[in-house]
Amino acid sequence: MRARVSWTLVLAAFLALPPFQRERVEEMGFGQIFRIERMRVDPALTQALRSRWDTEASAFAFPWGHMIPSLENVSRIIGLRVHGRAVSGYTYPCYHDLAERLLDLPVERRSSLVPREALQESLSLFEAGKNAGESEDEYLERLDRVSRRELASEPGPQADLDLRRFLVLFLGRLLFATRGDAVHCRFLPLLADLGEVGGYAWGAAFLEHQFDGLSASERQTSTSGFYPFLQVWSYLHLPALRRGDLTRPGLVPIARRWDSRRDTRHLDDQLERLQEAIDSYPYLDVVWQPYLGEGDEGRPWLVQARPYFGRSVWLHALNLLLPLNLFLTQRSLGLRQSVVEFPVRDRFRRPGRSFRGLHDTTDWRERAREQIENWERKGKGVRSDATTDDAYLQAYALKYGGKVYKSARHQVDVAGEIASLRALLQSAVQDREAAQRQTTELRSELERMRGAGAGGASSSRSAGGSPSLMEARLAGDVLRAEEAQRHLEERERDLELAHEQAMTLQSERDQLRVRAEAAESQVAEMTRELATLRVQRPSGDQEEVIRLRAELLAQQTLAQSLQQIVTDIDRSRSRSRSGVSVSRATGASVGQYLAGSSSRRRNEEEERHRPGDDGRGGGEMLPPPDRREGSGESGGGQ
Ligand SMILES: *[C@@H]1O[C@H](CO)[C@@H](O)[C@H](O)[C@H]1NC(C)=O
């Protein structure tokens with residue numbers, strides 16, 4: 001069933017509930033989802049994003065570094081609650097009895113799947129399939145009309161049954177949708193006491209489900225889960241991809257503001273263009289903090305959610321446990337990215353995507369106790385003392401190399417040298433701009449002081465020290481700032497040059513390789529021709545054979561020399577790479593000058609907001625829990 005159709009269906013089920021029931025859904029914190037305009041699915045965008053997901057790090061690995069959708073993003077974009085208890089508890093090999101008791105619906109033995117038809121009809125949605133040629137709105141209207149059986153209009157056991165059925169549809173078909181037609185009910189144990197449902201951090205579980213969906217195979221185009229989240233996330237953070245239209249500015253949650261832009265090209269074509277656009281995305285146009293400074297108006301849920309922002313923490317959705325490695329994206333917190341330890345592969349088998357046939361009854365609060373405690377402590381704050389992203393970017397280039405590129409055009413950068421030079425260049429531009437701002441600030445401060453001094457400087461004397469002494473100190477600061485700026489400008493030029501050279505060499509090398517390959521195939525063809533000539537005219541045409549032989553020799557020499565040039569270029573490039581890092585050395589000392597600058601101030605501010613935190617960079621997370629036994633999946637339900 002298509003994702004958007006599911007959405008319409010769940011929306012129709014929500015609208016069919018009597019007002020007091022809808023009120024309960026609101027109180028649980030799910031109401032915002034139903035205010036979001038139904039949005040077009042963008043499979044090309046989803047696939048492009050998925051191809052960038054590094055499962056090991058639980059992060060996107062873009063050419064400009066890691067990026068991770070965060071709890072703050074869930075909270076702001078779709079308005080789901082990210083605070084409260086971890087979505088954890090028991091999983092069972094069979095939900096038959098539970099479903100009978102809590103839903104009064106059939107579930108097969110050893111299964112967690114409710115038949116969709118039965119679930120829909122229990123919510124008075126009959127003939128709920130979407131007809132061909134019917135628009136989404138027509139479909140919604142028709143569903144609205146076909147509600148035949150009245151749902152309970154008074155609070156009571158029947159109303160609770162109705163609400164639980166609705167929640168199973170909502171969670172299983174929308175928020176935590178899996179592929180296939182049946183609806184899983186693995187969250188059912190958490191729905192037993194309806195008064196408790198709103199106390200769980202469903203938004204955190206949702207984020208984890210998104211991570212899990214991103215880890216699915218690259219070629220899979222179908223979207224599982226509530227797709228507007230990632231789509232809008234990319235409209236906000238990577239606006240230059242231009243996949244969304246801001247049609248309703250100002251609405252909250254943010255997803256209500258956007259429409260998915262229509263693209264009628266063939267999917268493969270769209271995908272190739274998107275990959276190319278991401279590969280050559282201008283790093284300075286990456287928006288790390290969209291809507292910075294936007295208030296909390298109309299979003300009361302943000303107040304309780306805020307303590308969870310800006311922290312690395314384990315996420316929970318029953319048997320699915322994944323880390324939110326926010327320390328990899330310090331830039332999204334307005335900091336510079338420091339070098340951190342990149343996560344290494346989880347030694348344990350990840351729980352499968354199918355939730356059918358969990359062998360044992362498992363209490364995940366017990367099994368993953370440390371990770372649960374980690375959630376309850378709200379993980380660990382992310383901080384950074386770095387003054388430039390350089391060291392991180394170099395480590396990043398070393399780890400990922402040319403793998404950060406996905407389009408055919410950029411993949412030739414096998415060693416990732418161009419990627420790394422580009423990253424360094426962008427970072428240098430950033431440093432230079434920061435230095436420039438600082439110089440300008442200091443200069444105008446000096447001018448102010450000089451002006452005040454001319455007008456009888458009694459006011460500045462109260463700030464301590466004689467005015468001339470302070471003026472001299474400030475003048476010294478200005479000189480140093482100017483010096484730093486000059487250094488940075490020089491470094492930027494160096495890097496620009498190195499980058500240009502690398503690009504030129506790259507394209508020359510590519511052209512040469514093409515020519516070398518052409519020469520080689522010609523050699524092969526002439527060899528064949530020569531052989532045929534020998535067979536056909538054993539005694540024969542000596543002249544022709546000699547001519548061909550000579551030509552063959554010439555082509556062979558050409559091919560060899562071309563190959564040699566290609567090899568030489570490669571060699572000289574690996575030499576020049578060390579050259580670049582030598583010129584980088586100046587960068588470090590310049591960075592020290594800037595140490596007193598904005599990022600430290602930001603850190604200090606963070607500090608004030610979050611007392612009692614000792615996280616440095618927050619690079620370390622708990623190891624994953626032992627999931628070797630008991631989490632094995634049988635029955636490969638897709
Ligand atoms: C996404 O999260 C990051 C950090 O958690 C934050 O800086 C950024 O502003 C968020 N963007 C949105 C749209 O919420």
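**Close-up 1. Helix α1 meets helix α7 in this predicted model.** The axes of α1 (residues 3-16) and α7 come within 9 Å of each other and cross at roughly 35°; here an axis is a line fitted to C-alpha atoms over the stretch in contact, and angles run from 0 to 180 degrees between N-to-C directions. The crossing of α1 with α7 is right-handed, meaning that the near helix is turned clockwise from the far one by less than a right angle. From α1, the residues R4, T8, L9, L11, A12 and L15 take part, and from α7 their counterparts are E136, Y139, L140, L143 and D144; a contact requires C-beta atoms, placed from the backbone, within 7 Å. By class, the contact of α1 with α7 has 7 nonpolar, 1 polar and 3 charged residues. Nonpolar covers Ala, Val, Leu, Ile, Met, Phe, Trp, Tyr, Cys and Pro, charged covers Asp, Glu, Lys and Arg, and the others, Gly among them, are polar. Helices (H or I, at least four residues) and strands (E, at least two) are DSSP runs numbered from the N terminus. As the model is predicted, local features need pLDDT of at least 70 and side-chain atom pairs count only at pLDDT 80 or more, while totals for chains, interfaces and linings use all residues.

**Close-up 2. The shell around the ligand.** There are 13 residues around the ligand, and S70, E72, N73, R76 and S332 come nearest; a residue is near if its C-beta atom, placed from the backbone, lies within 6 Å. Do look at helix α4 (residues 71-77), which gives the most to this shell, with 4 residues. The shell divides into 6 nonpolar, 5 polar and 2 charged residues.

**Close-up 3. An open sheet of 3 strands.** The order is β1-β2-β3, with antiparallel pairing; strands pair if DSSP finds at least two bridges between them. At the edges lie β1 (53-54) and β3 (65-67), each pairing on one side only. Strand β2 (residues 59-62) is joined to β1 by 2 bridges, and F60 in β2 is the bridge partner of W53.

**Close-up 4. The hairpin of β9 and β10.** Antiparallel strands β9 (residues 311-317) and β10 are joined by 5 bridges, and V313 has L324 of β10 as its bridge partner. Between the strands are 2 residues, and L318 in this hairpin takes a positive phi near 55°. In β10 (residues 320-324), 5 of 5 residues are buried, that is, 20 or more other C-beta atoms lie within 10 Å of their own, with exposed meaning 12 or fewer, partly exposed in between, and C-beta atoms placed from the backbone. L320, L322 and L324 point one way from β10, and L321 and P323 the other way. In a regular strand, side chains alternate between the two faces of the sheet.

Close-up 5. Most residues other than glycine have a negative phi, and most peptide bonds are trans. R110 is partly exposed because 16 other C-beta atoms lie within 10 Å.

Methods
Residues are numbered from 1 along each chain as its sequence is written. Two residues are in contact if their C-beta atoms, placed from the backbone, lie within 7 Å.
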